There are 2 protein chains.
Amino acid sequence: MSRTPPFLDEPTDTRGAIMRATYQALCAHGYADLTIQDIADEFEKSKSLLYHHYDGKDDLLLDFLSFMLERFEEQLPFPTDGGADEYLERVIERVLATPLPSEHRDFSRAMVELRAQAAHDPEYREHFTRSDAFFRKQLTHVVRAGVEEGVFRDVDPQATAAMLQAVVTGVRTQRVTTNEDTADAVRAEAERYLQACVLAEEE
Amino acid sequence: MSRTPPFLDEPTDTRGAIMRATYQALCAHGYADLTIQDIADEFEKSKSLLYHHYDGKDDLLLDFLSFMLERFEEQLPFPTDGGADEYLERVIERVLATPLPSEHRDFSRAMVELRAQAAHDPEYREHFTRSDAFFRKQLTHVVRAGVEEGVFRDVDPQATAAMLQAVVTGVRTQRVTTNEDTADAVRAEAERYLQACVLAEEE
């Protein structure tokens, strides 16, 4: 059973309850086999309630993706008072932790499937454009702050952020689509990269 | 219209002709909407011939993925006589070229969709495990050769290969699932990484 993120724990309105049920149904069934009925089965409301709010599965899932991104936009911690170096190392450590915690694995699989819809569906592509841009902007801010604080070298924040994002997307995709997990090796090399290319040289 | 890779240009047997038709149908329709009829439409054979050889769409696509990987295994050039540094820089340059050549875009989209099947289908997962392992082994060989030739630092070839593979998978996934392309920024940063972490220091 996948653990829902805290902001889904105790929904206070209908949309929140639908979002929670969608999270659980996605984790249990994945995207391809998911039906509106599977989502209705996850809470005490009927399928017709879902059809009252949404045109179908993809309409609901696109709203779910927006909802999740909005929660991240509101809640992602941001280092405003120094510590950009520790923040970045913590991100790497958390995102590339092994083994992939089982409560994240099912959701991570579903996200890889949802992202793949963007290959041919402009609405999904629009979502992942917005989502990637948000996380890249967040990383860019952190790198820029680190440069200003003097804990990072004088790097190009956008290029550094783009590189880190590519590594994270790559590992996240590979680890749920293969039976091997290279996250340990990538984390070791990413730390070497941070030392040699990003963190300020020790005085 | 997508250009087929050279080894698909003039198939000499039925399997080759089916593989060529599959490539073209995948590029034209993507995975989700693809039907056996779409594949039959791409060549002069009937749908029943395809059903004679394959149990259905996924059976055919899994054979297609094996076929493509075998061609890569046979044909991927490998630097045996030095030049690991140039080889690696050429790989980065080619894989992260912008804009994504249109003749690769459609196939790249289809590959992202096929990989996403691996999130829930063990047969697809087995293929991508084998495929990722092959390309990582190839990169590991190149890095090891560069260390032995003295053109690279004394790095861990497996960690370096895993890092490069994650970057490539990340960019390939992001560029066909969003409307932005960060490949230029990633390439600039990947070259900085190669200079600082992988290539031997200038004497």
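**Close-ups of charges, a cavity and cis bonds**

**View 1. B:R115 sits at 12% relative accessibility and so counts as buried (under 20% relative accessible area; exposed is over 50%, partly exposed in between; 1.4 Å probe, protein chains only).** This is a predicted model, where local features need pLDDT of at least 70 and side-chain atom pairs pLDDT 80 or more, while totals for chains, interfaces and linings use all residues. Residues count from 1 along each chain as its sequence is written, chains are lettered from A and ligands numbered from 1 in the order written, and side-chain values use heavy atoms, without hydrogens and water. B:R115 meets B:D132 in a salt bridge at 2.6 Å, N to O (side-chain nitrogen of Lys or Arg within 4 Å of a carboxyl oxygen of Asp or Glu). The pair ties together parts 17 residues apart in sequence, because B:R115 lies in helix 6 of chain B and B:D132 in helix 7 (helices are DSSP runs of H or I, at least four residues, numbered from the N terminus). B:D132 is buried as well, at 6%.

**View 2. B:D132 turns up again in the lining of the largest cavity.** A cavity is a set of points on a 1 Å grid over the protein atoms alone where a 1.4 Å probe fits but cannot get out; lining residues have an atom within 4 Å of a point. This one has a volume of about 40 Å³. Helix 7 of chain B (residues 122–149) supplies the largest share, three residues.

**View 3. B:E113 is buried yet has no salt bridge.** You'll find B:E113 in helix 6 of chain B, residues 102–117. The nearest side chain of opposite charge, B:K57, is 7.9 Å away. What B:E113 does have is a 2.9 Å polar contact with the side chain of A:H120 (N or O atoms within 3.5 Å, one able to donate a hydrogen and the other to accept it).

**View 4. A:R71 and A:E74 pair up in a salt bridge, 3.1 Å between the closest N and O atoms.** They are about one helical turn apart, because three residues separate them in helix 4 of chain A (57–75). A:R71 is buried at 14%, whereas A:E74 is exposed at 54%.

**View 5. A cis peptide bond runs from A:T98 to A:P99, with omega near -10 degrees.** A:P99 sits in the loop between helix 5 (84–95) and helix 6 (102–117) of chain A. In chain B, B:T98 and B:P99 are joined by a cis bond too, omega about -10 degrees.

Definitions and conventions:
On a 1 Å grid over the protein atoms alone, a cavity is a set of points where a 1.4 Å probe fits but cannot get out, and a pocket is an open set with protein on both sides within 12 Å along at least five of seven lines; lining residues have an atom within 4 Å of a point. Grid points are joined across faces, edges and corners, and a volume is the space filled by probe spheres set on the points. Helices (H or I, at least four residues) and strands (E, at least two) are DSSP runs, numbered from the N terminus. Lys and Arg count as positive and Asp and Glu as negative; His and the chain ends are not counted.
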